[in-house]
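Dear colleague,

Please find below the structure that I am handing over to you. My findings follow it, and I would ask you to read them with the structure open.

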Amino acid sequence: MVVPHHPAGARLARHRLADELADVVPPTLLADLIAVLAELVGNAVRHARPLPGGVIRVAWRLRSSAEGPLIQLRVTDGGASTGPRIRTAGLDAADGRGLHIVAGLATRWGAERDGMGQRVWAEFDPAPTPRPGLVPAG
């Protein structure tokens, strides 16, 4: 899907992802997917140039396995002078935590550059990854 290179693009992408995967993946995984997609699109809007037409391309791929769904999210933008990297954010910093969220929720993530821009991706393996220190709510 194509969304505007604008903060509203993250909202459009989140809603579309939720609509398409709500009946396919467990609710906790869907919440993680939505959070990561919002961070990736938000980072593209804040830090990268748009693709031609002032847009960002957002995609996801779902593959079934015996253990459950394997999902990859991809956000393609026009690139930036530097690639995405995890930063150290101070306690009072208003930003700088997005890729920490991505790294904490996704099984793995990365970025690829080509002549047209960059693609940042995050993958979620079917088997739930234990997250030490996190306590289920409720």
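Please note that this is a predicted model. Two strands, β2 and β3, are joined by a hairpin through two residues. Strand β2 covers residues 55–65, runs antiparallel to β3 and is joined to it by nine bridges. Within this pairing, Arg-61 of β2 has Gln-72 of β3 standing opposite.

Strand β3 also pairs with β5, which spans residues 117–124. This pairing is antiparallel as well and comprises seven bridges.

I next turn to the nonpolar core. The largest one contains 28 residues, and those with the most contacts inside it are Leu-33, Leu-37, Val-41, Val-58, Leu-73 and Phe-124. Two or more residues are contributed by each of α1 (7–21), α2 (27–47), β2, β3, α3 (98–105) and β5. Helix α2 supplies the largest share of this core, namely nine residues.

If residues up to four places away in sequence are not counted, Leu-33 touches Leu-17, Leu-21, Val-25, Ile-71, Leu-73 and Phe-124. Two of these, Leu-73 and Phe-124, are themselves listed among the core residues with the most contacts.

Yours sincerely

Notes. Residues are numbered from 1 along each chain as its sequence is written. This is a predicted model: local features need pLDDT of at least 70, side-chain atom pairs count only at pLDDT 80 or more; totals for chains, interfaces and linings use all residues. Side-chain values use heavy atoms; hydrogens and water are left out. Two strands pair if DSSP finds at least two bridges between them. Helices (H or I, at least four residues) and strands (E, at least two) are DSSP runs, numbered from the N terminus. A nonpolar core is a set of buried Ala, Val, Leu, Ile, Met, Phe, Trp, Tyr and Cys residues joined through side-chain atoms within 4.5 Å. Buried means under 20% relative accessible area, exposed over 50%, partly exposed in between (1.4 Å probe, protein chains only). Contact means heavy atoms within 4.5 Å.
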